[in-house]
Amino acid sequence: MPESNERMALTEAVFYILLTLKTPLHGYGIMQHISEISNGSVQLGSGTLYGAINTLLKKGWIKIYHQEGTSRKKKEYVITEQGLHIANQELLRLQHLAKLGEDILGGNNND
Amino acid sequence: MTKLAFRYFIDYEKEEKWLNEMESKGYHFLRYCLLFYIFTIGEPNTYTYRIELLENMTSNHESRNYLDFLADTDIENVASWGRWVYLRKEKDKGPFELFTDLDSKLKHFKRVFYFYFALSPLLIGTSINFINMALDGGAFLKIVSGLYVMLIIFVIIHGVKTYLKMNSIQKHMNLHE
């Protein structure tokens, strides 16, 4: 694949999770919130979400917020400084792409 | 009220489809044990069923964490068999897909593929033994070994199908996320 540098694109799922975790949420909360902010168009599967959460924890982009209850742990997660930085970089990349697309395709598209 | 059914599946996606068809007739899958499926009878279309091959046995710490996580998202682990788990979610609580992106779908197919791949030396080895025994054995042994060889051919076909599926996802990933 002709991906040139280390600034690789994030998957949509990862970007959504990072955005969502600006406030601490547990797994189910993440799924619901993503569904809300995408107007129902992004429904994250539980298996996909679990895999993504574990990868993000390992990378240090999110962390465990706190554990509630004693018998059954329902973990909450929150974005880290590093995660915020990565999300902001992705935002810049998307803005750049969007601008490029508008410049080249704009006008002869809808509207 | 319960119903008992006897079935054999190599392809877990076909098995999943069958469980959902049974569900649409009001048979809620409850237990699996060596080719036998036990259902309770109730309101049709209450649950959606999904089958997943875990990375570890269900008793493993990692698997427990994952199943707890699923439980928090309204997904119930109804039954398990080795590393295979049978999961269900009430239809009222929304659609139920485990994997919603190509990355995680591919990962699961790979796991399934290697599961069969790891089994294949054992299966092929025992089938050679069977054939040798059948050659100088009676009719019964010939029939049993014939069935066994057929089973292995099905497993191999399924392995190839899974491999092709993995390939097509990988090609798609060159263009799409």
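## A tour of chains A and B

Select residues 12-24 of chain B: this is helix α1, whose 13 residues reach 18 Å from first C-alpha to last, close to the 18 Å expected at 1.5 Å a residue. That expected span is 1.5 Å times one less than the number of residues. Helices (H or I, at least four residues) and strands (E, at least two) are DSSP runs, numbered from the N terminus.

This is a predicted model: local features need pLDDT of at least 70, side-chain atom pairs count only at pLDDT 80 or more, and totals for chains, interfaces and linings use all residues. Residues are numbered from 1 along each chain as its sequence is written, while chains are lettered from A and ligands numbered from 1 in the order in which they are written.

**Stop 1**

Highlight E15(B), L19(B) and E23(B). These residues of α1(B) are buried (20 or more other C-beta atoms within 10 Å of their own; exposed means 12 or fewer, partly exposed in between, with C-beta atoms placed from the backbone). They cover an arc of only 85° around the axis, which puts them on the same side of α1(B). The arc is taken from the directions that run from the helix axis to the C-beta atoms. An α-helix has 3.6 residues a turn, so residues three or four places apart point the same way.

Now turn to the other side of α1(B). K14(B), E21(B) and S24(B) are exposed there.

What covers the buried residues? Show β2 (27-33) and β4 (47-53) of chain B, which are among the elements covering them. After α1(B), click G26(B): its phi is positive, near 95°.

**Stop 2: the rest of chain B**

Colour chain B by element. It has four helices and six strands, in the order β-α-β-β-β-α-β-β-α-α from the N terminus. Its C-alpha atoms fill a box of roughly 60 × 50 × 30 Å along the principal axes.

**Stop 3: a helix pair in chain A**

Move to chain A, with four helices and three strands. Select α1 (residues 12-20) and α4 (residues 81-105) of chain A: their axes come within 10 Å and cross at roughly 125°. Axes are lines fitted to C-alpha atoms, for helices over the stretch in contact, and angles run from 0 to 180 degrees between N-to-C directions.

Which residues make the contact? Show F15(A), L18(A) and L19(A) of α1(A), with G83(A), I86(A), A87(A) and E90(A) of α4(A). Contact means C-beta atoms, placed from the backbone, within 7 Å.

Notes
Contact = placed C-beta atoms within 7 Å.
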